[in-house]
Structures are given as C-alpha cells and as structure tokens.
Number of protein chains: 2
Amino acid sequence: MEDNVLALAGGVGGAKLVLGLARILPPEALVIAVNTGDDECFHGLHVSPDLDTVMYTLAGLANPETGWGLSGDTFIALSMLERYNVSTWFRLGDRDLATHIRRTQMLRQGCTLSQVTAELCHCLGVAQMVVPMSDDSVRTVVGTEAGELPMQQYFVQHHSEPKVVSIRYEGAATAQPAPGLLEGLARASTLVFCPSNPFLSLGPILAIPGVRERLQRFQGFRVAVSPIVGGMALRGPAAKIMAELGYEASSIAVARQYVGLCDTFWIDHQDAHLAPAIAQLGMKPMVGPIVMTSEADKVALARRILGLEDE
Amino acid sequence: MEDNVLALAGGVGGAKLVLGLARILPPEALVIAVNTGDDECFHGLHVSPDLDTVMYTLAGLANPETGWGLSGDTFIALSMLERYNVSTWFRLGDRDLATHIRRTQMLRQGCTLSQVTAELCHCLGVAQMVVPMSDDSVRTVVGTEAGELPMQQYFVQHHSEPKVVSIRYEGAATAQPAPGLLEGLARASTLVFCPSNPFLSLGPILAIPGVRERLQRFQGFRVAVSPIVGGMALRGPAAKIMAELGYEASSIAVARQYVGLCDTFWIDHQDAHLAPAIAQLGMKPMVGPIVMTSEADKVALARRILGLEDE
C-alpha cells in the first residue's frame, strides 16, 4: 500500500477515525492536521484540546470514557487552583496540565505550535505526524443569543446550551496554514475529512486562506465521513448547532459544506435514503456502518473508506 | 500587647519561628518579609520556595516531614513532565504546582510579586502580611569550585555538595525593597532575624539597597536567633558553607553578620560559652533552648525572644 493520507480532524470524533487510520497505515504515511480554533488560555497555560485529543488517542493515553483528557487522570492541582478563586469549569487533569505547562513553556521560548506538537508527540511515542492547522492564533467564536462566546466557553462552560446565531473564526483571515499541513497535502494521495463538526472543527481549518483552494485543486482521492447519523450528531452539538444556524440537521447539510472539496461521502446505513441527494451534490455517496464504538469499528471504517475492504 | 513585629525570614527554619510568632501575635501585628533570592523558573513557572514555605506553614498546609511543599501532595503532573524529557530534580507537587501556575499567571498579567503573594495568602486564609523582600528579581548565585550555580541548583540539584567559594546576589544592586517590607519596618516596634541562613536566606534581603541602612537606624527592639547550634546548622548547609567561605561554623560568625543591625542575639544552651564573644560584638547574648521541633517549641521560642516569658 503506497497510500499517503492527510486527515483533517477536530476533536473526539476525528480522533476515532484517526486511530483507525493509524492502525492500518505505516506511521510515515499518515499526517493529521488538527483544528486549533478551540485553543484557549486557562490559568495562563496554552491548551489545545483537539491537538491533545488526537495526540493522547494515538499515544494510547486517551480517556476512553470521555474521549478527551488522559485515562485515569486526577484533578489535584485543579482542586488547589479552586482555592485560589479561579474559574475551573474547564477540567484540567494533573497529567494533562503537564502537557499544557510544557507547551506554554516552549511557546514562550519561541517555538511554533507545530514544533511544540512535534516534540510532545515524539515524547509520547506518537510516530504519526500530528500538526496544528496553523501556527497562528485562530479562535472559533460562537455567536449566541446570550452574546459571543469562545468555543470552549460555549461548549464546556455553557454545555452548548445557548442558541447559536453565528460562527466566526477570529484571526483566520491573517493566519497561515502550518507547514506540516502543506507538506502533508503535497505528499498525500488521499485526503480524509474526519467525522468532525463541519462548522466548529473542520470549518476553522477551511477558513485559513489558501487551504480551501488547495483542497479544491487536490488531485488525489478525497473522502469524507459524516458526523451525523439519522439526524443526530454522533457526539457533541453538531446537529443542534446546524439546526440553529438554519441548516438541515442531516448528512446532506454536512456534505454541502464539502462540495468541491470532497468526492466521496460516507453516510450510515440508516441514512441510505440520502444517497441520491448526495449524488446530486456531485459526490459519490457511500453507505455503511460509520458509528465507531470499538477499536475494531475504527479500523474497519478506516479500511472501508480507503477502499481496502470489499463492501 | 502592642508589639508590632517585622520578621525577616528565609525558608524552613525561618518559617518555624514565624509560626511561633503567628500563634502569639494578633495577625495584623506581624509582617514577614521573605527572601526571594531562591526564586526560580521551572517549566516556565515562577517558583518562590521561601515565600511558599512561609505561606503554607501559616496556612497549616506545610508538609511537616520536609518543611517545604504541601502535606500529602502528589507528584502526578511531574511524572508526566518527565515524559516530556524535562529536568524534574525540583520536586513540584500537584497542589504546589497550582500555586506556581496562579502566581505566574498573575505576574504575566502585570501584578507585582507582592500583589500575587497577598492574593495567594488571602485565598489560603493567611491573615498575616507575608511580603517578598522585593518585587524586583534578585537571584542568589552560589560560586562553587564547579562554577556558579543558582541557589536551587546548588541546594536541591547538587545537594549543597560543591565547595562554595563565593555568594553573590544578582540583581540586588538595582532592586527596590518591596513596599510591604518598608511598611512593616515603619510600623514595627520589634525586628526579628529568624534562624535562617545568614548568607543564603537573610543575606539577599540585606543586600537590597537601603535595607541595611534602615535596619541600622531602626529604633525598636532588634533580636536574632542563631541558626547554628553547637557548630552545626539546625537545617541546611549553613555550617558547611560558612566553613567553606572561611568563617567559623558557629553562632559567633552569624552574629558578626548582624553587627549594627541587631541588639539581642539568642544562642542555644550548648553554645552558652559563646555568650562573652557575642557581648564583645556589642550584642546582648541570650541563652536558651532554640531548637524548634514541636509547635510548642516554636511558640515558646517566640514568646521568649519577645520577652513574654521569664527565663
């Protein structure tokens, strides 16, 4: 197999498929470009939730129950931070804190987020190339009826409850794609849109000037997996937000976001009836089980979307 | 009792007497000015070992076994930092890390170290005024046969083993005394030199321009407690360093450091024979039990040096 894959990923859903891809591809054949629009500063520390979710997942350290954070992590430092009257709604575990401490230190020393991510991954034994979408600051800001909220405040502090009226990617207009994203794209024969929220996870990546155009010109195989099954997001607020923004909460609305960027679009069996509409968008609809629970599911889906398994 | 006390303190030895003073004085009558020459940056975080030892001691959180750090603290974040290939010879516990994270955040936000310390103490219920000696950076650098070492490297990483040839206080010449030190001094009727290392703990405080002169002019009661008993430091490398620097490892050599600054000098029973030599330095020698093991010892010594108990 000579496939070189560039996967575009957000958080937990993306990390699942990334793990499947990692299990079947040689490490050097997989580059994962990760959303950093959710990055946030907590207690003066630079936290990159999506990068960490992908990194911890590939390192075998991820918490299987939450999908984020580290398995078995403790919250002792956080309980002390609470005594200092700081807001601790973002639950940073002790081992997780070490990641943010080290990242922040390296960034302050002048390293780029790409360099930091490469170093952290190296130390945790992650052989695949995990890269931020950009080394520049891009912040996903969710406009709600209660005012604008940075992504983590919306998602974690407010439990995705306020009604969403808009989404913008602050800083995106002047951001550069990270070198690793461009390198991964140049090397890739396959481009994978992971089943991540098209607005909150992959939207920021696509908002970086030049990325959309490069994906449009990409000559290889381009495949997406829907994060929506039967009108419900597999995880997170994607369906709710899509409905609030006036989109249909269905795989069709996701597919529409990728018109011109993607050629093959995977939907679940229970959405098989949407296949003709997806075909009308100019994409080849593919139908199969796309819900990933076990690691076997993740590997099977990865094999399937790369065409390594007969349907 | 109308006594207002300013105590000059370093780390563990100083904190013991400070606890005794805190138990017998109204909180508003006690100001503790603390050495920050040991402050160090670990993993990008500003660590103030002596300030924290005093703060944790007064908050009832100190580790009674080590004298530093927090009782029952864990080292989970540190074990993860080790995976990131950073040097972890300075053992930062999880709860302790929270202090350094919060301090660093506030300093980066523009607060002075005095403001940060006041806030941390407030949050931990410390009612006494704990102030750094200065808001400016002063770094105690130990010149050894193996080269110059910052204090914590010398003390913790190298276990005080290299032979000391010199000590200097980097930055002291341009540092200002912290406002709280000056305020404490203006209010104080009693000045206490805690039993801390005269070169490594109280030396940096005395090296700040104006401090020595103000202490010389101080009109109240000035009392010191020797950190040396029978030629041995009660704790730490004081005796070893004094010998290496060419001083006698005895209370006499300590007393010499405080000539003109201090009028009453407490030594232990077993050093009673040194009393005449101390008197010759122009100080009133006082002899009694100065070794503090239990909290009762600390309170008794505090009462004794303030003249609240008949000998």
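## Chain A: fold and dimensions

Chain A has 13 helices and 14 strands. These are DSSP runs numbered from the N terminus: helices (H or I) need at least four residues, strands (E) at least two. This is a predicted model, where local features need pLDDT of at least 70, side-chain atom pairs need 80 or more, and totals for chains, interfaces and linings use all residues. Residues are numbered from 1 along each chain, chains are lettered from A, and side-chain values use heavy atoms, without hydrogens or water.

The C-alpha atoms of chain A fill a box of roughly 55 × 45 × 40 Å along the principal axes. Buried residues (under 20% relative accessible area, 1.4 Å probe, protein chains only; exposed is over 50%, partly exposed in between) make up 58% of the 311 residues.

## Aromatic pairs

The whole structure holds 10 aromatic pairs over all chains. Rings of Phe, Tyr and Trp (its six-membered ring) pair if their centres lie within 6.5 Å; planes under 30 degrees apart are stacked, over 60 edge-to-face, the rest tilted.

A:Phe193 and A:Tyr258 make a tilted pair, 4.7 Å centre to centre with 35° between the planes. A:Phe193 sits in strand E9 (residues 190-193) and A:Tyr258 in the loop between helix H11 (251-257) and strand E13 (264-268), so the pair ties together parts 65 residues apart in sequence. A:Phe193 is buried at 0% relative accessibility. A:Tyr258 is buried at 1%.

B:Trp89 and B:Phe90 pair edge-to-face: 6.1 Å centre to centre, 85° between the planes. B:Trp89 is partly exposed at 22%, whereas B:Phe90 is buried at 11%.
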